[in-house]
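Subject: Structure handover

Hello,

I am passing this structure on to you.

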Amino acid sequence: MGSVKYEVEKFTGQNDFRAWKMRALLIQQELVDALAGEAKLEKAMSNEDKTTLMEKAHSAIILSLGDKVLR
């Protein structure tokens, strides 16, 4: 997996609720570090742990998608 960083701003009622909800889900599952990208993860973390974290985050995102994804 490549490393990509995503910034999700706080939900204001005017911005994208789905992105905010996804970030909240990743925080709840202790996977939010994956949003920083694989290259930015802790140096103390082994490559295997980084890969596992990224795969879990990827799976959480895929499982949360609806039938109709507009993006």
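The notes below go from the whole chain to single residues.

This is a predicted model, in which local features need pLDDT of at least 70 and side-chain atom pairs count only at pLDDT 80 or more, while totals for chains, interfaces and linings use all residues. Residues are numbered from 1 along each chain as its sequence is written, and side-chain values use heavy atoms, with hydrogens and water left out.

Overall

The protein has two helices and zero strands. Both kinds of element are DSSP runs numbered from the N terminus (helices are H or I with at least four residues, strands are E with at least two). Of its 71 residues, 18% are buried; buried means under 20% relative accessible area, exposed means over 50%, and partly exposed lies in between, with a 1.4 Å probe and protein chains only. The accessible surface is about 5900 Å², and carbon and sulfur atoms hold 52% of that. These areas come from the Shrake-Rupley method with a 1.4 Å probe, and for residues only the protein chains shown count as cover. Among contacts (heavy atoms within 4.5 Å) with a separation of 6 or more, 51% are between residues 24 or more positions apart.

The two helices

How do α1 and α2 cross? Their axes come within 11 Å and cross at roughly 135°. The axes are lines fitted to C-alpha atoms, for helices over the stretch in contact, with angles from 0 to 180 degrees between N-to-C directions. The two helices are therefore oblique to each other: angles under 35 degrees count as roughly parallel, over 145 as roughly antiparallel, 65 to 115 as roughly perpendicular, and the rest as oblique. On the α1 side, M22, L25 and L26 meet A57, A60, I61 and S64 of α2.

The core

The largest nonpolar core has ten residues: M22, L26, L31, A34, L35, L41, L53, M54, A57 and A60. Such a core is a set of buried Ala, Val, Leu, Ile, Met, Phe, Trp, Tyr and Cys residues joined through side-chain atoms within 4.5 Å. Helices α1 (17-28) and α2 (47-64) each supply at least two of its residues, and α2 gives the most, with four. Leaving aside neighbours within four places in sequence, A57 is in contact with L26, L31 and A34.

Single residues

Not counting residues up to four places away in sequence, K50 touches E38, L41, E42 and M45. The C-alpha atoms of K50 and A39 are 9.1 Å apart, with the two residues eleven apart along the chain. A39 is in the loop between α1 and α2 and counts as exposed at 68% relative accessibility.

E30 is also in the loop between α1 and α2, and is exposed at 69% relative accessibility. Its phi is near 55°, a positive value in a residue other than glycine. Most residues other than glycine have a negative phi.

Regards
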